[in-house]
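Subject: Handover of a structure and notes on it

Dear colleague,

I am passing on the structure below, and I would be glad if you kept it open while reading the notes that follow.

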Amino acid sequence: MNVEVLSYTPDGEKLIAAAAKLCYSDSGIDDLLEGLTPEKTERFLSMLGDLGHASPFEHVSITFGIEGVSRAVLAQITRHRIASFSVQSQRYVNKQSFSYIIPPEIEAIPEARAEFIRAMEEDRAHYIALADILTKRHFDRLVAAGADEKEARRAASKLAFEDARAVLPNACDTKIVMTMNVRSLYNFFSLRCCNRAQWEIRALATEMLRLCRRTYPLLFSHAGPPCLNGRCPEGKMSCGKAAEVKERFESLQ
């Protein structure tokens, strides 16, 4: 897994404080940023947290580049609707050399790992065979219809990938560019950094939070699973390791 911050709103913490200042004072647009020292900015951010006033946090966003994650992660992460996604297409990209993500529980058992790898390689073989069969059919049809052979070959490959991808596994790797605003990231981290989240998206969320704390130390100092700032909301479904989780995320940097 590789995660990087590609872009972020400049002076994000100050911008959120300025938005809050507009809400609670008679300041005009021209002087919103005046006097917002680091100390005053921190006070505004703290006040917003105490009041539960979350909308100013939507003015700041972070864009992440993500690779080395599975399509299973993609299915989960796109459920977070207040975000923007660009994803490597299996329709247009030849995936015959796809890599795959092995779940830790499978990796830990040699017999299970061997079985998993056999399944992945079988999927690869089926994908290649289907792509070859479909490419030939589409190529012959396009040439018969009068298409240039070079263009027909290119178009035939794309059409073949579109249907051959149906045999690719959930473990198949993908790449994502994702943008979220800070408010949505708070929600994302509260759900996906929790021990009850699926292992891969939990690992992704934890790495994203680490990068967010480097980018905006004030904004994300208390972000993370709910037990970091209070009692676990999971009830009888709790992992029972709140103290351990809290210690881990308080030291995350």
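How many nonpolar, polar and charged residues does the lining of the largest cavity have, by class? Before the answer, please bear in mind that this is a predicted model. The lining of that cavity counts eight nonpolar, two polar and two charged residues. The residues concerned are Cys194, Asn195, Arg196, Pro225, Pro226, Cys227, Cys232, Pro233, Glu234, Ser238, Cys239 and Val245. The volume of this cavity comes to about 70 Å³, and a search of the whole structure finds one cavity of 30 Å³ or more.

The open space is a separate matter. The largest pocket holds about 550 Å³ of space, and 21 residues line it, with Gly49, Tyr186, Leu219, His222 and Ala223 lying nearest its centre. The elements that contribute two or more residues to this lining are α2 and α7, the latter covering residues 182-192. The largest share comes from α2, which supplies six residues. Sorted by class, the lining of the largest pocket has nine nonpolar, nine polar and three charged residues.

Helix α2 runs over residues 38-51, and at 1.5 Å a residue its 14 residues should span 20 Å, which agrees with the 20 Å between its end C-alpha atoms. Which residues of α2 are buried? They are Thr41, Phe44, Leu45 and Leu48. Viewed down the axis of α2, these buried residues fall within an arc of 95°, so they line one face of the helix. After α2 comes glycine 52, whose phi is positive, near 70°.

The buried residues of α2 pack against α1, which covers residues 12-24, and the buried residues of α1 in turn pack against α2. Helix α1 has 13 residues and reaches 19 Å from its first C-alpha to its last, close to the 18 Å expected at 1.5 Å a residue. Its buried residues are Gly12, Glu13, Ile16, Ala17, Ala18, Ala19, Ala20 and Lys21.

Two loop residues are also worth a look. Aspartate 11 is found in the loop between β1, residues 2-8, and α1, and this residue has a positive phi of about 50° although it is not a glycine. Is aspartate 11 buried or exposed? With a relative accessible area of 61%, aspartate 11 counts as exposed, because that value lies above the cut-off of over 50%.

The other is glycine 230, in the loop between α8 (199-215) and α9 (242-250). Between the C-alpha atoms of glycine 230 and serine 89, which are 141 residues apart along the chain, the separation is 41 Å.

With best regards

Conventions
Residues are numbered from 1 along each chain as its sequence is written. This is a predicted model: local features need pLDDT of at least 70, side-chain atom pairs count only at pLDDT 80 or more; totals for chains, interfaces and linings use all residues. Side-chain values use heavy atoms; hydrogens and water are left out. Helices (H or I, at least four residues) and strands (E, at least two) are DSSP runs, numbered from the N terminus. The expected span of a helix is 1.5 Å times one less than its number of residues. Buried means under 20% relative accessible area, exposed over 50%, partly exposed in between (1.4 Å probe, protein chains only). The arc is that of the directions from the helix axis to the C-beta atoms. Contact means heavy atoms within 4.5 Å. On a 1 Å grid over the protein atoms alone, a cavity is a set of points where a 1.4 Å probe fits but cannot get out, and a pocket is an open set with protein on both sides within 12 Å along at least five of seven lines; lining residues have an atom within 4 Å of a point. Grid points are joined across faces, edges and corners, and a volume is the space filled by probe spheres set on the points. Ala, Val, Leu, Ile, Met, Phe, Trp, Tyr, Cys and Pro count as nonpolar, Asp, Glu, Lys and Arg as charged, and the others, Gly among them, as polar.
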